[in-house]
Structure formats: structure tokens, C-alpha cells
Amino acid sequence: VLRQHGSWLGGKLIISIDGAAGTGKTTVGIKLAKELNYQFLDSGKIYRAYTYKMIKNNTLEAIDIINQLSTTNIEYKYLSNKEILKLDGQNVSDELHSEQVDKYVSNISKIPEIRLKMTELQREIAKKNFIVVGRDIGTVVLPNAELKIFLTASIEERARRRFNERKNENLEEIKNSIKLSEVIGKNLSLKRRDNNNYLALCPF
């Protein structure tokens, strides 16, 4: 069915994949992009790159975070089925899932000025023939996407996915310390936050 949808308009579509953290958005998106020979964008990595810069510069006050927008350049490419993300000319693709970035990315991404700028950047990147995954992609970032997918999963499944992602990363401190019970606890908190965020977006 998706292959048939991908042939609409000569295959020139934007497909959005939304859902809560740990539901498999990225896994599904990458597989779908490969199947349809589309470009792929994990929108969350744009926020993670900016957060990484703020951490490196020890810039964690809201006003200072906003002021850094004018001097920040983020470039994104999808080459040979791999995401390449450059921050001010430096490839930071392998630096975006540290514990520090995990700790600060949510609060930084909530700042309205940051969301506005990153949304503009995501729209510039995601032209036709793109699979774009992330929060609020089909409702806020790319409301005109021709095909919209929303994924769900149980808290336990979301926790297992996050646990396996972290264990598979080349971060020794996480490999040695992370516990599934801790991830489940964090995902319960994420669920409460997700529910609140989506409720705010529902048009009723």
C-alpha cells in the first residue's frame, strides 16, 4: 500500500511519521525511506544539534540560548542511507545522543523562538521525496504532508526500545550503568508529558 502511495505524483511526496518517544518512528521511517528510495529526516536531531552546541558553550539560560540562533548554522544531508548533520561546519552526527543532550534537549526545544527557527529549518530541508519523523510533524511542522502516519506502542515496548538503543550506542558510561527499570520510569514520565502535549494540540 505504501509503495502505491509513494507513486502518487510521480513519487514526489512528503510523508510524516509522528508518535510518542520510543514508538519506533525512526526505525519505520528509515525502512520506509529505503523501500521508496526517499530522503529521510529525523527532525529531533535538529534540536539535538542545537542543544549540543549550548552544552559545549555552557549556554543554558533561555535568553542566551535564543541569542545563539543568529550565529548557528545547521546543515543536514541524507547520504547512502545515513544522516549527516553538521553544526557550524563540524560533523556532529555521532554526538547527539549523550546523557547531557538527553537531559537538556526537551527544555531547550520548548523555547518558542527555538521551535520557530527549527521548524523553519525542517521545512527548508524536507522538500519532496522525504520521510520526516518526529513530534508534531504532521500537525505543526508539515501540516500539508500528503501522507501522515501516527505510531503508538505500550510503555513497556517503548522502554525496551529506548533501553536497546542506549545499550547499542558507543557510550561506555551508558552501557555500564543503564537499567531497564530506569528507562521504564523515564518513559512513564514521558507518557504523562506526551499526553499533556497532545491534549494541547487536539482541536476540540
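After helix α3 comes N58, whose phi is positive, near 55°. Helices here are DSSP runs of H or I with at least four residues, strands are runs of E with at least two, and both are numbered from the N terminus. The model is a predicted one: local features need pLDDT of at least 70, side-chain atom pairs count only at pLDDT 80 or more, and totals for chains, interfaces and linings use all residues. Residues are numbered from 1 along each chain as its sequence is written, and side-chain values use heavy atoms, with hydrogens and water left out.

Stay with α3 for a moment. It covers residues 44–56. The expected span of a helix is 1.5 Å times one less than its number of residues. For the 13 residues of α3 that gives 18 Å, and the end C-alpha atoms are 18 Å apart, so the two agree. Ten of the 13 residues are buried, so α3 is mostly covered; buried means under 20% relative accessible area, exposed over 50%, and partly exposed in between, with a 1.4 Å probe and protein chains only. Among the buried residues of α3 are I46, A49 and Y50.

Next, the nonpolar core. Such a core is a set of buried Ala, Val, Leu, Ile, Met, Phe, Trp, Tyr and Cys residues joined through side-chain atoms within 4.5 Å. The largest one holds 45 residues, and I15, I46, Y50, I74, I114 and I131 touch the most other members. Its largest share, six residues, comes from α3. In soluble globular proteins, nonpolar side chains tend to be buried together. I74 shows the links well. Contact means heavy atoms within 4.5 Å. Leaving aside neighbours within four places in sequence, the contacts of I74 include I46, A49 and Y50, as well as L85, M118 and L121.

Two strands pair if DSSP finds at least two bridges between them. Three strands form an open sheet in the order β3-β4-β5, with antiparallel pairing. β3 and β5 stand at the edges with a single partner strand each, so one side of each has no neighbour in the sheet. Six bridges join β3 (residues 74–79) to β4 (residues 82–87). Y76 stands opposite L85, and Y78 has E83 as its bridge partner. Two residues separate these strands in a hairpin, and S80 in the turn has a positive phi of about 50°. β4 then joins β5 (residues 90–91) through two bridges. There K86 is partnered with N91. This hairpin also has two residues between its strands, and D88 takes a positive phi near 50°.

Rings of Phe, Tyr and Trp (its six-membered ring) pair if their centres lie within 6.5 Å; planes under 30 degrees apart count as stacked, over 60 as edge-to-face and the rest as tilted. The count comes to one aromatic pair. The ring centres of F40 and Y78 are 5.7 Å apart and their planes lie at 55°, so the pair is tilted. F40 lies in β2 (residues 39–42) and Y78 in β3, so the pair ties together parts 38 residues apart in sequence. F40 is buried, at 0% relative accessible area. Y78 is buried too, at 8%.

Six of its six residues are buried, so β1 is largely enclosed by the rest of the structure. Both faces are covered: I14, S16 and D18 on one side, I15, I17 and G19 on the other. Four bridges join β1 to β6 (residues 130–133) in parallel. I15 is partnered there with I131. β1 also pairs in the parallel sense with β7 (residues 147–151), over five bridges. D18 stands opposite F150 in that strand.
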